[in-house]
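I opened a new notebook for this structure. The entries below follow the order in which I looked things up.

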Amino acid sequence: MSKPQLHIAVTGLNNTDNPGPGVPVIRGIRESQELDVRIIGLAYENLEPGIYMPGITDKTYLIPYPSSGTKVFLDRILEIHRRERIDLVIPNFDAELYTFIKSESLLAREGIRTFLPTLAQLDERSKSNLPAYGEKYGVTVPKSKEIVSVSDIPSLGDDFEYPLLVKGKFYDAYLAYNAEQVTSHFNKIAAKWGLPVIIQEFIKGTEVNVVALGDGTGRTIGAVSMRKQYITDKGKAWGGITIDDPKMMEITRHIISQTHWRGGMELEMIKTQSGDYFLIEINPRIPAWVYLAVGAGQNLPEALVKLAMGMPVEPYGTYQVGKMFIRYSWDMLGDIGQFEKISMDGEL
Amino acid sequence: MKIKPSIAINDNGFLFDPNTGESYTANAVAREIIFMMKQGLSIDEIRTRILDKYDVDETTLEKNLIDFQAILRHYNLADSTDL
């Protein structure tokens, strides 16, 4: 008996030097032996590489940014749904999660499933709430503070030692060695991501990350830890390797069991020379390096699809340590006709 | 001093620490010493074997062995409690 074909819509096709997770999520899903899928790409820009990459999407549509308004955004998703019958949508950007979570029941009524954290889960792990989160769940986090104005900057020296980190509420983090640098970074981040801007204590150590999937009942379906080996000037992993770090796994399982996290997540931690772990960020979605987890034996995108579709999923136990990924750039050739079609028709 | 059991080393002298993801390369003599440590030989036994095998005076070997142990400790490749 043939398997029913699932129509899965995926965002985050921007496979640039600051990559979205869409392409690796799709690769994982496509490698599933159990799923038959049609992938519908949802792109915000007409030059997102995933639109043009062969074998990634079956069809791609341009969609408006969530900032253009929930109604405009949802109208477009539902218009695509009427043409494609979307069974599941996997949003891969932090900035669109709020809209998708708020619209979860509306989408469900239309037959579009999601597998996302709740709004409360999303909010409590936000960068600005991290100190309270650490206290509530017994996880060590660096000291941090929200600022909303340059007038907050001179007094930072009272609470923090330089250097410190200046972070946007969704993306971007810069190291600042003095108040002047904080001001410069503050202005840049505020213009791009809005307020507040987060000031965070700088913890010296090695950055280690975990990609994990929670099923919403407190169960960790899978988790793989990775150390970045090569970091771009945007702080993104250009190369990484899976590691065996029982303490990180323990922290991950603890967080998922306590929070009943539903969906993919990335924990960013700093391991100090003395072996202490500081949780510096929780990204509420699958990270762009998830294909490393797939290669190491945990196909978390596939597991997420199965969870969303109500299929049985057994938790992964182990993964291959010492599996590496290295990104590369590749000049893919296209035709002006493709560009014209996505630009003029909003689909390709 | 004992090399941590989790540290993997191959015949080419390539070391991998699965806990941190760090990798290192050891030259031929360093590789030999690490293999001996993994077999559980003491530093005295290693010293004797190296002196027997290589044309090296005791003072030079001692100095290099101390340096090498410090490097292993620095990179957290050896259990410093077993010094």
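**Entry 1: a strand pair in chain A**

Before reading any pairing, I wrote down the rule: two strands pair if DSSP finds at least two bridges between them. The model I am reading is predicted. I began with strand E10 (residues 220–231) of chain A and looked up its pairing with strand E11 (residues 237–242) of chain A, which is antiparallel and runs over five bridges. Within this pair I found A:Arg227 opposite A:Ile241 of E11(A).

I then looked at the turn of this hairpin. There are five residues between E10(A) and E11(A), and A:Gly235 in that hairpin takes a positive phi near 80°.

Which other strand does E11(A) pair with? I found strand E14 (residues 324–326) of chain A, again in the antiparallel sense, over three bridges. Here A:Gly240 stands opposite A:Phe325 in E14(A).

**Entry 2: confidence**

The mean pLDDT of chain B is 91, and 95% of its residues score at least 70. Where in chain B is confidence lowest, and where is it highest? The lowest mean, 84, belongs to strand E5 (residues 78–79) of chain B, and the highest, 95, to helix H2 (residues 43–53) of chain B. For the complex I noted an ipTM of 0.77 and a pTM of 0.88.

**Entry 3: domains of chain A**

I looked up the domain assignment of chain A. It gives domain 1 as 5–115 + 331–345, domain 2 as 149–201 and domain 3 as 204–326. Between the C-alpha centres of domain 2 and domain 3 of chain A I noted 27 Å.

**Entry 4: where the chains touch**

How many residues does each chain bring to the contact? Chain B gives five residues and chain A gives nine. I sorted the chain B side by class and got two nonpolar residues, three polar residues and no charged ones.

Is A:Ser105 buried or exposed? A:Ser105 has 9 C-beta neighbours inside 10 Å, so I recorded A:Ser105 as exposed. I also took its C-alpha separation from A:Lys204, 99 residues apart along the chain, and found 43 Å.

**Entry 5: the sheet of chain B**

I traced an open sheet of three strands in chain B, in the order E2-E3-E4 and with antiparallel pairing. Why is one side of E2 and of E4 left without a neighbour in the sheet? Strand E2 (8–9) and strand E4 (23–25) of chain B are at the edges and have a single partner strand each, so one side of each has no neighbour in the sheet. Strand E3 (residues 14–16) of chain B pairs with E4(B) over three bridges. For B:Phe16 I found B:Ser23 in E4(B) as the bridge partner.

Most residues other than glycine have a negative phi, and most peptide bonds are trans. I went through the exceptions next.

A cis peptide bond joins A:Tyr162 and A:Pro163, with omega about 0°. I placed A:Pro163 in the loop between helix H8 (156–159) and strand E6 (164–167) of chain A. Another cis bond joins A:Leu195 and A:Pro196, with omega about 0°. A:Pro196 is in the loop between helix H9 (179–193) and strand E8 (197–201) of chain A.

A:His260 has a positive phi near 55°. I found A:His260 in the loop between helix H10 (246–259) and strand E12 (262–271) of chain A. A:His260 has 15 other C-beta atoms within 10 Å, so I noted it as partly exposed.

In chain B, B:Asn76 has a positive phi of about 60° without being a glycine. I located B:Asn76 in the loop between helix H3 (58–74) and E5 of chain B. With 16 other C-beta atoms within 10 Å, B:Asn76 went down as partly exposed.

Definitions and conventions:
Residues numbered from 1 in each chain as written. Chains lettered and ligands numbered in written order. Predicted model: local features only at pLDDT ≥ 70, side-chain atom pairs only at ≥ 80, totals over all residues. pLDDT = per-residue confidence, 0-100. Helix = DSSP H or I, 4+ residues; strand = E, 2+ residues; numbered from the N terminus. Domains from an automatic or database assignment. Contact = placed C-beta atoms within 7 Å. Nonpolar A, V, L, I, M, F, W, Y, C, P; charged D, E, K, R; others polar. Buried ≥ 20, exposed ≤ 12 C-beta atoms within 10 Å, placed from the backbone.
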